[in-house]
Amino acid sequence: MRFSDEFEARFAEMLTHYPTRRSALVPTLLYAQDEVGFMSDEVVAELAQRLDLTELEVRNVISYYSMLTTKPRGKYNVQVCTNIACMLRGGEELFNHCRKRLGIGHKGTTQDGLFSLEEVECIGACSWAPAVQVNYDFHENLTNGKMEQILDECKKKLND
Amino acid sequence: MATLVSHPDEVRVISKRFGQGATDIDRYLQLDGYKAVQKALAMQPDAIINEVKNSGLRGRGGAGFSTGMKWSFVPKQSAKPKYVLCNGDESEPGTCKDRLIFEHDPHSVIEGVMIAALAVGSHTGYIYIRGEYRYLSVIMQKAIKDAYAKGFLGKNIFGGGYDLDIYWHGGAGAYEVGEESALMESLEGKRGIPRIRPPFPAVVGLWGGPTVINNAETLAAVPHIVLGGADWYAKLGTPKNGGTRLFCLAGNLNKPGVYELPMGYNLKKMIYEVGGGIPHGRSLKAVVPGGSSTPVLLPEEIDISMDFDSVAKAGSMLGSGGVVVLDDTACVVKFALRTMKFYRHESCGWCIPCREGTDWLEKTLTRFHAGAGTKKDIDNIYYLAENMLGKTFCPLGDAAAMPTMAFVKKFRKEFEDHLEGKPCPFEPQSSVEQLPLLA
């Protein structure tokens with residue numbers, strides 16, 4: 001299967017970093033997911049073959065890491081932190097607001113495939129709580145109003 | 001991206017290049033970058049280790065173990081290659097400091113890894129960054145590339161006859177991987193299941209080779225120690241607790257933020273002066289002094305010096321530097337529940353006391369907070385937590401147990417206020433919302 005040139009270059013280089021091939025697995029899985037959208041059977045088979053592992057060994061690793069998913073997500077994965085520091089500053093309200101606005105719950109995806117929602121554990125933004133990650137982008141010191149703007153901008157970006 | 005703050009009491013060592021454009025290698029060089037590693041190249045390995053020992057630098061990941069001492073455990077001769085591993089899997093709730101170091105001063109981490117490698121005779125280092133911090137991984141990949149381009153890494157670094165390679169590595173979402181043995185498993189391409197110790201990583205680590213594992217903040221402090229001298233660094237802090245550290249002030253504060261303060265700074269002053277006190281004229285209820293796994297402190301217990309030994313004496317831990325402040329509107333039972341929900345989510349399931357303990361505790365606390373608790377539950381929560389302590393391969397079980405026991409011990413009255421079908425006194429609505437879940 002085909003990944004981007006950037007992926008291939010990074011992968012080839014990464015293999016030179018470690019004494020064993022399988023060591024490249026965890027970061028490679030995440031970069032592959034970024035391109036394909038989820039850990040499809042095809043990706044699992046491909047990476048298992050490239051790293052001299054069985055598919056079972058790859059799946060065993062995938063199930064451990066919370067960022068990896070075997071189900072497709074929306075184009076924008078809205079990850080709302082509700083852990084202690086965010087909770088004290090309105091993280092739960094923010095999560096509920098997103099639930100209502102998007103009409104989906106934890107790990108749900110909107111019908112148009114645009115948004116997924118996830119209640120996540122600490123993302124390392126405690127001093128700027130409450131915080132949300134949309135895909136890899138951090139949004140901090142949020143209010144429901146600011147959250148609305150972020151979601152609107154996501155929609156707009158897609159229409160442009 | 002994260003907003004920077006400042007306070008006159010700050011002593012800027014690790015954060016001195018924050019906001020100075022030091023991700024650019026030339027700018028880093030202008031700001032005394034890569035001078036310390038050149039100095040270290042001319043030193044004997046034991047001299048570097050002694051310097052770090054004498055500086056009083058202790059592990060900033062949370063354990064507070066002497067960094068120099070840790071390095072000295074690595075055998076001089078080894079049939080297998082030795083490694084240095086930087087732990088940048090920052091995930092302890094309340095902690096957001098390594099993020100700033102990677103964002104503003106990635107080369108200081110690289111330089112710290114280099115010096116550690118010289119000290120223990122390693123030729124390979126890895127910098128592990130959590131998967132959520134993708135933008136920091138991009139910054140680090142570029143920083144490493146730039147260092148290679150200048151000849152600071154690779155063969156014969158700085159013409160000193162020493163070969164040294166440093167690579168980045170990324171996670172994919174797992175708190176437990178921040179534990180040193182699980183971190184190595186993850187780097188080896190496996191599930192982050194902890195290893196039994198002994199043998200300790202200093203003897204048998206990555207791929208069986210002796211391995212030094214230090215937190216990113218610890219390593220970022222090393223170049224400053226080598227350049228400024230152990231005495232200077234030690235004197236910034238208190239005896240046995242050298243230097244400064246990044247404190248992440250979070251929760252119900254007027255001015256939350258990451259501040260670099262001397263070790264031993266007073267916690268009360270940190271909350272009321274540096275953090276600007278409690279907003280909306282409310283009063284202080286409790287403080288979690290060092291990340292979610294550290295036992296809570298009451299308002300009358302916070303007039304203490306924030307160093308590893310003093311906080312331990314007060315019955316808690318300095319931990320990872322995440323100071324989470326709760327005001328009088330926060331429900332402690334709910335806070336305990338949210339903390340437990342986190343540990344249940346992150347428990348890898350390898351050790352039964354942790355896997356079953358966190359699950360039962362979350363269930364019990366959920367029911368309890370929703371108003372369906374019985375008096376017996378309160379002791380049961382304590383008992384369950386107590387029975388996880390010290391019974392697991394890695395400290396995740398302890399991390400879940402310690403705060404829970406402290407919540408029950410110090411806030412028993414608040415647990416009792418939730419009894420007999422009474423809704424949560426702090427937020428009746430959310431209790432009602434939760435009740436149907438229990439049917």
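1. Conventions. Residues are numbered from 1 along each chain as its sequence is written, while chains are lettered from A and ligands numbered from 1 in the order in which they are written. Because the model is predicted, local features need pLDDT of at least 70 and side-chain atom pairs count only at pLDDT 80 or more, whereas totals for chains, interfaces and linings use all residues.

2. Overall form of chain B. Chain B holds 18 helices and eight strands, where helices (H or I, at least four residues) and strands (E, at least two) are DSSP runs numbered from the N terminus. Its radius of gyration, taken over C-alpha atoms, is 22 Å, close to the 22 Å given for 439 residues by the globule rule, so chain B is as compact as a globular protein of that length; the rule is 2.2 Å times the number of residues to the power 0.38. The C-alpha trace of chain B spans about 75 × 45 × 35 Å along its principal axes.

3. Domains of chain B. An automatic or database domain assignment gives the bounds of domain 1 (25-236), domain 2 (244-327) and domain 3 (332-438) of chain B. The centres of domain 1 and domain 2 of chain B, taken over C-alpha atoms, are separated by 27 Å. Their contact takes 14 residues from domain 1 of chain B and 19 residues from domain 2 of chain B, two residues being in contact if their C-beta atoms, placed from the backbone, lie within 7 Å.

4. Contact between the chains. Here chain B contributes 50 residues and chain A contributes 36 residues. Among the elements of chain B that give two or more residues to this side are α7 (134-149), β3 (165-170) and α13 (332-346), and α13(B) gives the most, with six residues.

5. A sheet in chain A. Four strands form an open sheet in the order β2-β1-β3-β4 (chain A), with mixed pairing, and two strands pair if DSSP finds at least two bridges between them. β2 (115-120) and β4 (137-139) of chain A stand at the edges, each with a single partner strand, so one side of each is left without a neighbour in the sheet. Strand β3 (residues 132-134) of chain A runs antiparallel to β4(A) and is joined to β4(A) by three bridges; A:Val132 has A:His139 in β4(A) as its bridge partner.
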